[in-house]
Amino acid sequence: MITETSSVPAAVLSAPTITEQAPHIDYWLLSPLLVVFGAAVLGVLFEALVPQARRRALQLGLALAATAAAFVLTVLQGGSIPAGEAGTTLALGSVAVDRVALFLQGTILVLAFISLLLIAENRRGESAFAAQAATVPGSEEERSHILAGSQHTEVYPLVLFAVLGMQLFTAANDFLTMFIALEVMSLPLYLLCGLARRRRLFSQEAAVKYFLLGAFSSAFFLFGIALVYGYAGSVNFARVSEAIDAGGASLFEDGSGEPLLLIGIALIGVGLLFKVGAVPFHNWKPDVYQGAPTPITALMASCTLVAAFGALLRVFYTAFGASVDQWRPMLWTVAILTMVLAAVVAVTQRDIKRLLAYSSVVHAGFMLTAVVAASPEGLAGAMFYLAAYGFTTIGAFAIVTLVRTHENGPEAGELAQWAGLGRTSPLLAGSLALFLLAFAGIPLTSGFIGKFAVFEAAMAAGATPLVVVGVLSSAVTAFFYVRIIVLMFFSEPAETGPTVIRAGGLTGSAIAVGVAATFLLGVFPSPVLDNLVPQPSEEAAEPAVATADGFTR
Amino acid sequence: MELYAPVLVLGAIGAAFVVVSMVVGSIAGPKRYNRAKLQAYECGIEPTPQPAGGGRFTIKYYLTAMLFIVFDIEIIFLYPWAVHFDELGLFGLIAMVLFLVNVSIAYAYEWRRGGLEWE
Amino acid sequence: MLSLVIFLPLAVAVGLYAVPRLSDRVVAWSWIVACAVDFALVIAMWIGHGTGDGISYEANVRWIPSVRAGYHIGVDGLSLPLLALTSLLFLACAIYSLRQERQVRAFAALFLFLQTVSLGLFAALDLLLFFVFFDLSIVGMYFVIAGWGHGDRMRSALKFFLYTFLGSLVLLLGFIGLYLGAEPHTFDMVELTRTPPLAGSAGLGGLVLLAIGIGLAIKTPTVPFHTWLPPAHTDAPAAGSAILAGILLKMGTYGFIRIAMPMLPDAWRRYAWVIIIVGLISVLYGALVAFAQEDLKRLIAYTSVNHMGYIIVALGAAGAVGDQAARQLAVTGAVTQMVSHGLITGALFLLAGILYGRARTYDMGRFGGLAGGAPVFSGLVAVGAFASLGLPGFSGFIAEFQIFTGVIGSGGTAIVVVGALAILGILITAALFLRLLHRTVLGPPGELTAQVTDVHRSELGAVAPLLVLSVIIGVAPRFLLDVIEPFSAAVVSLVAR
């Protein structure tokens, strides 16, 4: 264990670089995050000072403008990275600005923009959110708030805070920044989950469940950070990677710190896999996706998944990249469990939101195969998959918001009620059918290209058994996607059939974007895919570059 | 490992003291209950009546608790800044002002939305 | 020109939906016209291609450059007969469906979509493009069965979809294996054929062949992957069955000739005996089970398993040692058999559909003596049955004769035994088709015979050309063989590398 010399405490204390010099921070590179943060703070101020009647329009405009502006800034920065370079880090190496981070941030911002459209949808003064979340469900007070038309416009700043956390989560380059990002991302989401307008107790239960399990997993994550810090003497990803190469920080004899590192990797893995929703850390997903207001579910299923995978990829590719042989079996097991169990359980689901939740778990398993590949192709495949899946899943949830049990009723979650939807509203059912086919990975949809890219990367990395499991799991998932299509198009409409409410302009455009992206990314994937896959010619020009995968180190 | 031995010993002694004093007190001490003794202790003032059936605290306590956090957490950041004020210079000053502005925005929100009104 | 041929049906399908409120009659006739134009274009391409052994009408556009997949299409001696078969059979289905009443527009659009997919598959020269069409054919056929089938159609359609979809995914695995094995990585079939990937590693080559083999075997289907076929056929609408048996099954064997044989010649030669045995089992099993069927459509479905088995045996023999000319003959026979089976089985399924349309059952035991009330129909059934059992004068004979000659000539004693056993399959099919004729067309009238009226003009117009063409190929096959032979010579030399 630790060498017993009197100089040890001094060595421990002197290891972290505590500087008293003020750090230099490049605010231009941080600007996409600062814009979103500023808008969120401004949103809180609006809540305090602007009269209620004018808040919604103001908040929505601010949130949309902020995400759009942040997206433009992200793209500008992507363009300013010199060709052949991965990017740079700033704020003492705690935030990375590289191609991977910028691509994922851009994806998150676009998806958040679409989600905001869904969140803002307002039919006759009725949004998806509770009129006054503090009132007891079913009470007289609640009724009076509903009649008065109260609204929680706090939703918009909360979403912006969550988006900020997601942006930072993908770019965090040391464990502490990553933890803060994790919390900034999660806390608003916990709250947003409990704000559903209908079935409020259910929604609040989901929020509490999400919060408790999330806090639990954060604790694992934090403990893992502590152990890795103990092993490496630093929380910075690049330093951790160097420490692994060197066999641990200087106070360890050769290899004696290995257990610390392994347990640390496992615990950090638990924290991240929880956010991703991989089996066996997936239990929150169906409950939360079902209970949360559907627009928020769309936000979580797309943006949060992108952010969580961004963090997972960065941690395992950069910080733990040197000990790939140690963590690969772990992720291998998790990926297989995820793909098999979630697919099997999903078959038995009777509720559309739960089914989409389990399907999201299965897709997480497919993407994990790309993480296991631990190659530039795997990274590119996973990133493409994330973007493709995000657009499709928002579209699917947007459709869920439109199918109600009756006019002015709650959403019709029961799949049995969806029978015959293809007859009554073919356009809507057709869009959903396209999304489901994309989930199943049918060619000419984005889902096929994504699945193809990750499977190809995993096979190239020698994980063929994993891909075989993935293929079998794909077939199982195809079963329940196709079953919904059959239900919609070939079943007689039920007596108590659902009512499809007219899509407002906001929801309609969210669905339209989803359809367009699903189709375009499926037919012409090259513009996106080519930017992600390292070009062979560049590889030849710079042999054995450490940054061939686009991460800065 | 030997480095930590004294800490462990101290911890063991502390735990033993708690256990021993509670056990001895429950065995040796006199037990005479009355109404006042059985009530919840709230710093000597009249205990706030609790709603029947659930023991829920009214939401007002949480609002106050949140207000407490707004002002309490500030100290943790202000103190080290004050200690290293000279070295941090203008950068530190700007950072701290921004931080305080952010905190006061949260305060303004609570104030405007009625968080400070007890009734 | 080739792209026009491929996408013309799809364009018409979109057009059908773009114009509002078309009457069913207009839809049906524009469907027929589209198919006829497409067929004419294919004939024009046939004439233009001549009898060379190269690829003509080639087009190559970048699609996903990062994985070197392109929109690469072209036709050669293998594609052309299948393209012609596809456009003809779809034309026959369009004519047959003139009497269709339920959701005509959607039905027409779906078939036009399927036609584009099938034509595209037979013209694709890129693995990824091939796979895209392969998968879309499954989706299209799934909707045909689920939407317009009868009986337990949901279940059959789902079984069909899951089974073949799983097969397609396994096929994708194999394709990725080929892609990774090639240096530099590519999906281009022409390049992969020129320099076969995985030439150095026998084990990997075997695994990739296994994946591709299973994927294609499910589609073909061969025993033991055939179990989706009978229910799918039984519950599909007649035109759907005709396309499924006539075109979609060919995708499996086409894949063997186009992809597995030239790209994995080593593995193909090494495992030729496995392929021959699987084919042989399909031949015998298909024939025997067909013999036991009471249901007319199941019977035809199982004879499909039998007929596709001949093709597999022939392709396996092409990888055996032995006389080059004999192996070429086997491949030529296999391609001829693909065309012949498409024509004959397509016709038989349409005839079965006519029977079902009148009497709402496929149970042969309840018919009998149809020749009295429906002479033309009976005549067509008789011609179809004789063609299917391989009577000289029909295309089936030309194909099977070449296959057996080729197989027996291509190797040693073991293969001769196989050939002899496979001929046994012909005997059984002959017996079962004679029994079929005996029970339905001849003999005393059954309980439902009175309901069976004779064929309408549109039905005759759909079925007769298929059978006539079968006779033409049977009598004067040169026009077809001249196109195929250069190709089979090329394939045999590729496999022998």
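This tour moves through a predicted model, beginning with chain C as a whole and ending where chain A touches chain C.

**Chain C as a whole**

Along the principal axes, its C-alpha atoms fill a box of roughly 65 × 60 × 40 Å. The radius of gyration is 21 Å, which agrees with the value near 23 Å that a compact globule of 497 residues would have. Of the 497 residues of chain C, 63% count as buried. Among the contacts in chain C with a separation of 6 or more, 82% join residues 24 or more positions apart.

**A pair of helices in chain C**

Next, select residues 296-318 of chain C, helix α13, together with residues 413-441, helix α18. The two axes come within 11 Å and cross at roughly 160 degrees. α13(C) is therefore roughly antiparallel to α18(C), and the crossing is left-handed. Display the side chains at the contact: α13(C) contributes residues including C:Leu299, C:Asn306 and C:Tyr310, while C:Ile415, C:Gly425 and C:Leu436 are among those from α18(C). The residues of this contact comprise 8 nonpolar, 4 polar and no charged.

**Where chain A meets chain C**

Finally, show chain A beside chain C; 22 residues of chain A are in contact with 23 residues of chain C. On chain A, select α18 (446-460), α19 (464-490) and α21 (526-532), the elements that give two or more residues to this side. Which element gives the most? It is α19(A), with 10 residues. The chain A side divides into 18 nonpolar, 2 polar and 2 charged residues.

How values were computed
Residues numbered from 1 in each chain as written. Chains lettered and ligands numbered in written order. Predicted model: local features only at pLDDT ≥ 70, side-chain atom pairs only at ≥ 80, totals over all residues. Contact = placed C-beta atoms within 7 Å. Helix = DSSP H or I, 4+ residues; strand = E, 2+ residues; numbered from the N terminus. Nonpolar A, V, L, I, M, F, W, Y, C, P; charged D, E, K, R; others polar. Axes fitted to C-alpha atoms, helices over the stretch in contact; angles between N-to-C directions. Parallel < 35°, antiparallel > 145°, perpendicular 65-115°, else oblique. Left-handed = near helix turned anticlockwise from the far one by under 90°. Rg over C-alpha atoms; globule rule 2.2 N^0.38 Å. Buried ≥ 20, exposed ≤ 12 C-beta atoms within 10 Å, placed from the backbone.
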